[in-house]
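This briefing covers aromatic pairs and a surface patch. Please look over the structure before reading the points below.

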Amino acid sequence: MIFAWLRSLGFTLAVEVPVFVLFARGQVPAGRAALAGAAGTLLTHPVLWFLWPRFFHDYTSFIVTGEILVAVIEGFTFFALARSLRLSRAISASFIANAASYGLGALLRSIGLLF
Amino acid sequence: MKWRACLPALAILLLIPTVGLADGDPSECQFYIVLYERCNRTLFDENGGFLSEDEAYHSCLDGNINLRCADQCWTGSLNQKCRELVDCIEDVCDIEVSGDDDYTYGCSAFGGSPALPLTVLMLLIGFTLFRMSRKEPG
């Protein structure tokens with residue numbers, strides 16, 4: 001399960017970090033935006049994988065609450081670390097980045113490219 | 001060349017080894033493995049027998065949804081009857097089971113799961129906040 005998690009973390013970073021950089025373009029240096037976005041993902045990803053499932057009995061409740069919680073936490077983390085970015089912009093970037101990674105993962109899984 | 005120009009290439013390099021092997025977030029399989037551990041490693045197979053961790057994981061990968069049903073039918077008793085599992089499958093998955101020995105159904109990511117509505121909801125929240133941030137002064 002650890003290897004599956006590491007692969008998933010790599011996938012998530014690959015999808016989400018460019019979205020964070022894109023949303024901070026012109027306001028935050030790309031390097032700082034990338035690090036701030038990656039920090040939020042590194043913080044929340046293990047929580048979503050290993051801790052959050054223990055509070056739920058059904059997958060739908062788990063994934064809906066988990067994804068929204070992760071997006072909010074990553075938004076605040078991005079806001080705090082990127083600096084010079086509005087909170088609403090930071091949280092919007094986080095929601096779209098998480099929608100992209102979750103949606104793309106689900107889409108690829110539905111067409112058989114992911115397990 | 002500024003290093004940010006390399007970001008797309010870095011993203012692709014990270015994506016190549018992960019596509020085909022993993023998804024961006026916990027799949028139902030990972031979720032069931034956690035459930036499996038929480039239930040003292042005693043989830044049922046389609047015949048009411050206990051599954052090993054390996055069996056549980058591969059059953060899930062194969063699209064076998066009876067792990068979900070076994071968990072949702074969980075009442076604290078280790079002796080669930082097959083009939084209860086069938087009732088649960090019909091109830092939870094909103095399908096009609098054709099025979100008592102036919103418990104295997106695939107749940108596609110965009111079919112029986114919340115993937116599509118959740119993705120759309122998150123995009124809506126994100127773009128609404130983005131529009132708000134552009135209207136804010138300063």
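Helices here are DSSP runs of at least four residues, numbered from the N terminus. With that rule, Ile73(A) lies in helix H3 of chain A, which spans residues 59-82. The model is a predicted one.

**Surface patch**
- Leu43(A), Leu69(A) and Ile73(A) together make a nonpolar surface patch of about 230 Å².
- Ile73(A) has a relative accessibility of 32%, so this residue counts as partly exposed.

**Aromatic pair within chain A**
- Over all chains, the count of aromatic pairs comes to three.
- One aromatic pair is formed by Phe20(A) and Phe78(A), with 4.6 Å from centre to centre and 50° between the planes, and is tilted.
- This pair links distant parts of the chain: Phe20(A) belongs to helix H1 (residues 2-23) of chain A, while Phe78(A) belongs to helix H3 of chain A, and the two are 58 residues apart.
- Phe20(A) and Phe78(A) are both buried.

**Aromatic pair between chains**
- The ring centres of Phe23(A) and Phe130(B) are 5.2 Å apart and the planes stand at 75°, so the pair is edge-to-face; the cut-off for that class is over 60 degrees.
- This pair crosses between chains, with Phe23(A) in helix H1 of chain A and Phe130(B) in helix H6 (residues 115-135) of chain B.
- Phe23(A) has a relative accessible area of 10% and is therefore buried.
- Phe130(B) is also buried, because its relative accessible area is 19% and the limit for buried is under 20%.

Technical notes. Residues are numbered from 1 along each chain as its sequence is written. Chains are lettered from A and ligands numbered from 1 in the order in which they are written. This is a predicted model: local features need pLDDT of at least 70, side-chain atom pairs count only at pLDDT 80 or more; totals for chains, interfaces and linings use all residues. Side-chain values use heavy atoms; hydrogens and water are left out. Patches are made of residues with over 30% relative accessible area and no salt bridge: like charges are joined within 9 Å, nonpolar side chains (Val, Leu, Ile, Met, Phe, Trp, Tyr) within 5 Å. Accessible areas come from the Shrake-Rupley method with a 1.4 Å probe; for residues, only the protein chains shown count as cover. A salt bridge is a side-chain nitrogen of Lys or Arg within 4 Å of a carboxyl oxygen of Asp or Glu. Buried means under 20% relative accessible area, exposed over 50%, partly exposed in between (1.4 Å probe, protein chains only). Rings of Phe, Tyr and Trp (its six-membered ring) pair if their centres lie within 6.5 Å; planes under 30 degrees apart count as stacked, over 60 as edge-to-face and the rest as tilted.
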